[in-house]
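User: Hi! I'm new to this one and would like a quick tour. Could you walk me through it?

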Amino acid sequence: MRHFLIAVLIFIPLTFLLRWPTLPFWNTLPLEPNSPLHALAALGLKNGDLLSLTYLQWPQGATVRYIGWPTLLITAFFNVFLNPIPALNIGVATWLLIQGIGSYWIALRAKWGIGGALICGVGSMSSVTILQALGNGQFENISIFGLLWLWLACQKNWNLEAALALIIVLFSSPYQGIVGLCIVLLSMLQKRNLKPLIYTVPI
């Protein structure tokens, strides 16, 4: 338990560093064009807009297909207490922190040791994919924790956990969903001893 708390104390400052200056200045709006749309989408979810978003093309509302559900749901929760921009900044930071803590937990369950788990957690928060997603406002691509969880669950035959992890991945974005389905497929092939086929799949 002690090493877990130490890991969290490492991940929290890293979250602030990666999300600067939106943390601690939570009213800061990033200049890329996607963050305002995420903020409006989360506010719409909080108000019950599932198929259309009244904040776009008012008064009828624009028909939308939400992506990045984990981030949007967390942000929608904070919208109960905060304005849209602070809620988004805290929601994104919370989901980013979950990537680190969750990946640390997965690595410990995979018997990678405390050092390996710390590297896994830090890498899951600061990989090139995550940094690009944070910079472009493509928060739907923040899903490394879900992919790692899905991989481990498939390897260990933890079917319920695999299903939960796959749901997280599928509801993050179609791209992450394709990666998740590939993990499931390759795990099934591996269990059928079709390893030569696996080796022919380009990574």
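Analyst: Happy to. Let's start with a cluster of rings: Phe4, Phe11 and Tyr104 are linked by ring pairs. Rings of Phe, Tyr and Trp (its six-membered ring) pair if their centres lie within 6.5 Å; planes under 30 degrees apart count as stacked, over 60 as edge-to-face and the rest as tilted. This is a predicted model, where local features need pLDDT of at least 70 and side-chain atom pairs count only at pLDDT 80 or more, while totals for chains, interfaces and linings use all residues. Residues are numbered from 1 along each chain as its sequence is written, and side-chain values use heavy atoms, with hydrogens and water left out.

User: How many aromatic pairs does the structure hold?

Analyst: It holds 10 aromatic pairs. In one of them, the planes of Phe4 and Tyr104 stand at 55° with ring centres 6.0 Å apart, so this pair is tilted. Phe4 sits in helix 1 (residues 2–19) and Tyr104 in helix 4, 100 residues apart, so the pair links distant parts of the chain. Helices here are DSSP runs (H or I, at least four residues; strands are E, at least two), numbered from the N terminus.

User: And is Tyr104 buried or exposed?

Analyst: Tyr104 is buried, at 0% relative accessibility, whereas Phe4 is partly exposed at 27%. Buried means under 20% relative accessible area, exposed over 50%, partly exposed in between (1.4 Å probe, protein chains only).

User: Switching topic: how many disulfides are there?

Analyst: The count is 0 disulfides, a disulfide being a pair of cysteine sulfur atoms within 2.5 Å. For Cys120, the nearest cysteine sulfur is that of Cys154, 16 Å away. Cys120 is buried, with 12% relative accessibility.
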